Amino acid sequence: MPTEYLIVHCAQKRAVWIEDIYVGETDALNPIELATGTYIVKLRPPDGCVPSFHEVVLLNTTLIKPCVVQFDVA
Amino acid sequence: MSGCAHYRVNDALDGPALVGAYRFPEASPAPGGNTDSLFVCLTFSGGGTRAAALAYGVMEELEATRITWRGAAKPLLAEVDCISSVSGGSFTAAYYGLFGDRLFKDFRQRFLDRNIQGELAERLFNPVTLGRLASPYFSRSDLAAELYGRTIFDGQTFSALAGRRPYVILNATDLATGRRFEFTQEQFDVIGSDLSRYPVARAVAASSAFPLLLTPISLRNHPAPRGWQPPSEYRSALNDFHNNRRRWTWARSRLDYHEQKVARPWIHLGDGGMADNIGLRPVEAAYRFLSGFIRPRIIREQVDRFVVIAVNARTDPQEQISRQEGPPGALAVAYKASTIAMDNYSFDTIQLMKDVEREGYRNRRYLADCQEKIDAAECRKPPTLPKIAPLWTCLVEVEFEALPDKDEREHFLNLPTTFKLEPKDVDDLIAVGKRLLRESPAFQRLLKALAGAPPPTGPQEDPNCG
């Protein structure tokens with residue numbers, strides 16, 4: 001079961017929660033390592049960030065090309 | 001007395017299980033105590049008293065092994081965060097979880113040196129017990145659970161295990177599905193039940209309910225408490241049938257209990273060895289999946305070294321059925337059918353953990369090699385490569401096959417699976433458990449690495465535990 005890589009970007013520093021589990025902060029230096037599959041990514045506090053969540057499918061990512069999830073400031 | 005005998009039914013949850021629930025303890029360790037940065041899991045296989053004694057020997061060696069980690073000197077045993085166990089190994093795991101270092105004072109007398117199966121047989125033929133066994137709701141394993149509870153585990157429930165490390169995962173097998181069933185609150189959440197009030201002895205009896213000899217332990221699949229929702233990751237993982245069948249199966253196996261309460265109001269559990277005879281699967285799942293207790297700690301970079309010590313009391317007895325021309329009888333076939341998967345699946349699980357360990361090493365090498373090529377190219381503006389958390393993994397296997405002496409190896413590989421061993425055999429098993437761990441090349445590399453030796457870098461060096 002391969003490992004996938006994910007980076008979460010936001011213009012404001014926020015806590016990153018994946019599947020309701022705290023995993024760190026936005027724009028961390030190291031990509032987040034997860035098992036292949038579908039995940040719900042949220043920021044907390046959610047105020048001012050859009051969308052309210054991302055559903056991502058992590059598949060065939062690499063360290064050099066991780067999946068990048070972008071939250072914007074409304 | 002006879003018609004009303006009933007096994008102990010697991011309690012329903014009256015709300016989401018929060019305070020005092022049996023989950024991996026989240027609290028930060030005390031200064032100088034068990035750290036997250038060195039995360040150690042032990043797995044104890046099945047194999048009756050043989051497995052329990054081998055695991056006990058490894059525990060003694062871990063207690064005797066002194067390390068210095070983050071400036072604090074301590075026995076390596078003090079860094080053990082979880083123990084996952086099956087069948088005979090569950091006796092050692094549960095006893096240590098409940099009573100800590102008392103294991104080294106009286107576990108031999110309370111379990112290893114006893115003729116447990118003789119005591120069980122004695123109770124089976126007691127006239128009062130015979131009456132109780134006439135009830136359809138009371139069986140041999142219920143009797144065994146009473147014996148274990150009274151004479152080994154002091155009637156303790158899972159609330160006595162909660163809130164401290166090591167987190168002990170006792171594993172059984174759901175006979176309806178063949179899937180692993182673990183005695184944790186996460187598992188009990190989906191059956192709407194409160195594990196904290198459930199006797200540890202019944203979990204151990206389920207984990208060691210050897211097919212045919214002992215009967216299943218039964219649980220009620222209670223309605224979910226008001227307001228309870230399954231963990232978010234289970235729902236997401238149901239989308240992964242094609243992309244990640246293992247994750248999908250893991251989520252499906254949990255959610256089925258929640259979604260099929262009408263069709264499956266009762267759960268009947270047999271020996272954990274039928275689903276995974278070495279107890280590695282829960283550790284692998286906790287490492288792989290975000291809802292597990294290891295993966296979030298790795299992502300948050302709380303873990304520097306992840307160590308798994310797999311104690312496997314697998315034997316390879318002289319096979320009898322291949323020596324005769326006629327086909328084996330129905331009883332022999334039934335016995336084989338119920339136990340044959342144990343060893344095959346164990347091999348598969350060990351390989352899975354080795355793949356995990358290799359994958360991490362390959363990723364680090366890949367990045368280092370890329371960086372080397374970039375540096376050699378002398379670019380005017382070299383690109384910045386991403387980094388991954390510097391996690392070092394280590395799998396140490398303790399098993400009889402590693403014994404170099406053929407006669408000694410064959411002696412241990414032919415020990416029976418029973419709850420009665422001669423004291424000399426118990427002595428030998430404890431001694432060989434200690435020696436196998438001490439002499440394991442992977443364990444020796446781990447101790448050197450903990451003492452500050454540089455990690456292996458050459459392509460021919462074994463990266464495991466370095």
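User: Which residues of strand E1 of chain B point one way, and which the other way?

Analyst: In this model, which is predicted, B:Leu38, B:Val40, B:Leu42 and B:Phe44 point one way from E1(B), while B:Phe39, B:Cys41 and B:Thr43 point the other way, and all of them are buried. Because seven of the seven residues of strand E1 (residues 38–44) are buried, the strand is largely enclosed by the rest of the structure.

User: How should I read the pairing of a strand, and which strands does E1(B) pair with?

Analyst: The general idea is that strands of a sheet pair through backbone hydrogen bonds, either parallel or antiparallel. Here, E1(B) and strand E9 (residues 305–312) of chain B pair in the parallel sense over seven bridges, and B:Leu42 has B:Ile309 as its bridge partner in E9(B). E1(B) also runs parallel to E4(B), to which five bridges join it, and in that pairing B:Thr43 stands opposite B:Ser84.

User: Where can I look for antiparallel pairing?

Analyst: Turn to chain A, where four strands form an open sheet in the order E3-E2-E5-E7 and the pairing is antiparallel. The edge strands, each of which pairs on one side only, are strand E3 (21–25) and strand E7 (54–58) of chain A, and the twist averages 35° from one strand to the next. As one example, strand E5 (residues 37–44) of chain A pairs with E7(A) in the antiparallel sense over five bridges, with A:Ile40 opposite A:Glu55.

User: Let me move to helices. What does the crossing angle of helices H1 and H3 of chain B tell me?

Analyst: The axes of helix H1 (residues 48–64) and helix H3 (residues 103–112) of chain B come within 12 Å and cross at roughly 170°. An angle over 145 degrees counts as roughly antiparallel, so H1(B) is roughly antiparallel to H3(B).

User: Is helix H8 of chain B mostly covered or exposed?

Analyst: Helix H8 (residues 200–207) of chain B is mostly covered, with eight of its eight residues buried; among them are B:Arg202 and B:Ser207. These buried residues pack against several elements of chain B, including strand E4 (80–86), helix H2 (88–99) and strand E8 (266–271).

User: How many helices and strands does chain B have, and how does its overall size compare with that of a compact globule?

Analyst: Chain B has 16 helices and 10 strands. With 466 residues, a compact globule would have a radius of gyration near 23 Å, and chain B, at 23 Å, agrees. Of the 466 residues of chain B, 44% count as buried.

User: How many residues of chain B are in contact with chain A, and which elements do they come from?

Analyst: There are 25 residues of chain B in contact with 24 residues of chain A. The elements giving two or more residues to this side of chain B are helix H9 (232–237), helix H10 (245–259), helix H12 (295–299) and helix H13 (330–377). By class, the residues on that side divide into 10 nonpolar, seven polar and eight charged.

Key:
Residues are numbered from 1 along each chain as its sequence is written. Chains are lettered from A and ligands numbered from 1 in the order in which they are written. This is a predicted model: local features need pLDDT of at least 70, side-chain atom pairs count only at pLDDT 80 or more; totals for chains, interfaces and linings use all residues. Two residues are in contact if their C-beta atoms, placed from the backbone, lie within 7 Å. Ala, Val, Leu, Ile, Met, Phe, Trp, Tyr, Cys and Pro count as nonpolar, Asp, Glu, Lys and Arg as charged, and the others, Gly among them, as polar. Axes are lines fitted to C-alpha atoms, for helices over the stretch in contact, and angles run from 0 to 180 degrees between N-to-C directions. Angles under 35 degrees count as roughly parallel, over 145 as roughly antiparallel, 65 to 115 as roughly perpendicular and the rest as oblique. The radius of gyration is taken over C-alpha atoms; the globule rule is 2.2 Å times the number of residues to the power 0.38. A residue is buried if 20 or more other C-beta atoms lie within 10 Å of its own, exposed if 12 or fewer, and partly exposed in between; C-beta atoms are placed from the backbone. Two strands pair if DSSP finds at least two bridges between them.
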